[in-house]
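Here is a briefing on one chain. Have the sequence and the model side by side as you read.

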Amino acid sequence: MTHDVLIVGAGPVGTTFARYIADKGFKVGIIEKKTRVGVPLQCAGLLGKQIKEVNILPDELIINPFYGAYLHSPSDHILKVAKNKPEAYVVDRVGYDKFLAEQAVDAGAELYLKHNVKGLDLKNSHVLMGNGKTDFIGKIIVGADGNDSIVSRTLSMGSSDGKQLQAAQLLVDFGRDIFDMDYVNLHTFSSISPGFIWAIPLSTSTARVGLFGNFNYHKLNDILKNFLSTKPEFEGYSVIKKYTGKIPVYDSKKMIVKDNVLLLGDAASQVKPTTGGGLIIGFKCAQIAADVTEKALERDDMNILREYNENYRKIFKNELKTQLMVQKIFKSLSDDDLDYMFVKLKEEGAEEIISKYGEMDDQSPLVKKLFKQGILFKILPKILLKGLSILWK
């Protein structure tokens, strides 16, 4: 079967890209190994407000909007940040993935479920299938097949792919009303830094509670259980469901274009270093890639695909560099450092600044503001040499 564009993986970024290309009139195929799109859930489902600008999000798939967050230090010093309009949304991710796949199919893309890719013959532009299924041929092949991308491994000549972090999440029923539905709760601890524990309310009594880090799944579950059992306000909780997933570590040197092959989303390690979130970046990159792909197909010149890498780096380089700096500093802090920082931030009126300049997906404006006003130098005196030496290394 021959297509103009073949996409391996029917995740949200891949199907969004597929919709863009199909809308331009090209023949698009999406190859997915699962029997159902979006299952199982492997994400916290928290999306920044930019989602409304970079993709379609039906209101019926929004479980709850959030206007801010409670940020907790290890000893539970709390910073409250808030805005007048929704800053983020927790969504039905299974439903959202399915919706985006349906949108791609409605635009003309062909979705092939239960098709497990066994390999790629890049010289002949073949996607090789097993179980007696017919191989696919594509003028352009796109790897949107997640963190363990077979397309990415092929580009790297079979060598081990990039680093990854493990994530664990619980759907928890607390049996009583304990959550403010306008706020997400984020808990910091040096032992899991630069990861953190999140509690995302789905109702006043239920929440998705999870974390990611450089531990195996069982260790992460132990950390979650200990966290829940040592908080008096969580007494009597019950776990409804468990989830697991993997998050790629952002790699500024990762190859995302070669010949007629592109990588998108987690397969391209297009994730925020500070939170591991990738959908907003992924959706923006889907548009960048679609524009370049259209030009390459119309001119029958695959060299044009290099512009995808160039444009991606140009747009995201500074933001991702800033987030890497923040990540390095947080990794250097002890629990005492974190507690001290929270106390000093509150004393310096940082709650108001964070509320005004903080942005879930674009964090560099806030960092620059804190530097400009000298607040970071006031709150980091005892870790100045340690933290800032890492920052500018």
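In β11, Ile137 is the bridge partner of His126. This is a predicted model: local features need pLDDT of at least 70, side-chain atom pairs count only at pLDDT 80 or more, and totals for chains, interfaces and linings use all residues. Residues are numbered from 1 along each chain as its sequence is written, and side-chain values use heavy atoms, with hydrogens and water left out.

**Strands β9, β10 and β11**

- β10 (residues 126-129) and β11 (residues 136-143) pair in the antiparallel sense over two bridges. Two strands pair if DSSP finds at least two bridges between them.
- β10 also pairs with β9 (residues 117-121), again in the antiparallel sense, over four bridges.
- Val117 stands opposite Met129 in β10.
- In a regular strand the side chains alternate between the two faces of the sheet.
- β10 has a covered face, Val127 and Met129. His126 and Leu128 form its uncovered face.
- The β9 and β10 hairpin has four residues between the strands, and Ser125 takes a positive phi near 60° there.
- The β10 and β11 hairpin has six residues between the strands, and Asn131 takes a positive phi near 55° there.

**Backbone exceptions**

- Most residues other than glycine have a negative phi, and most peptide bonds are trans.
- Lys114 is not a glycine, yet has a positive phi of about 60°. Lys114 lies in the loop between β8 (110-112) and β9.
- Lys114 is exposed, with a relative accessible area of 55%. Exposed means over 50% relative accessible area, buried under 20%, and partly exposed in between (1.4 Å probe, protein chains only).
- Asp300 is not a glycine either, and has a positive phi of about 50°. Asp300 is found in the loop between α6 (279-299) and α7 (306-332).
- Asp300 is exposed as well, with a relative accessible area of 66%.
- A cis peptide bond joins Val39 and Pro40, with omega about 0°. Pro40 is found in the loop between β2 (28-31) and β3 (46-48).
- The peptide bond from Ser193 to Pro194 is also cis, with omega near 10°. Pro194 is found in the loop between β13 (183-187) and β14 (197-201).

**Pro65**

- Pro65 is found in strand β4 (residues 62-66).
- Pro65 is partly exposed, with a relative accessible area of 28%.
- Leaving aside neighbours within four places in sequence, Pro65 is in contact with Pro86, Ala88, Tyr89 and Met181. Contact means heavy atoms within 4.5 Å.
- Pro65 and Gln169 are 104 residues apart in sequence and 20 Å apart in space, C-alpha to C-alpha.

**Whole chain**

- The chain has 12 helices and 18 strands. These are DSSP runs numbered from the N terminus: helices are H or I, at least four residues, and strands are E, at least two.
- The radius of gyration is 22 Å, close to the 21 Å that the globule rule gives for 393 residues, so the chain is as compact as a globular protein of that length. The radius is taken over C-alpha atoms, and the rule is 2.2 Å times the number of residues to the power 0.38.
- Along its principal axes the C-alpha trace spans about 60 × 45 × 40 Å.
- Buried residues make up 54% of the 393 residues.
- Among contacts with a separation of 6 or more, residues 24 or more positions apart account for 71%.
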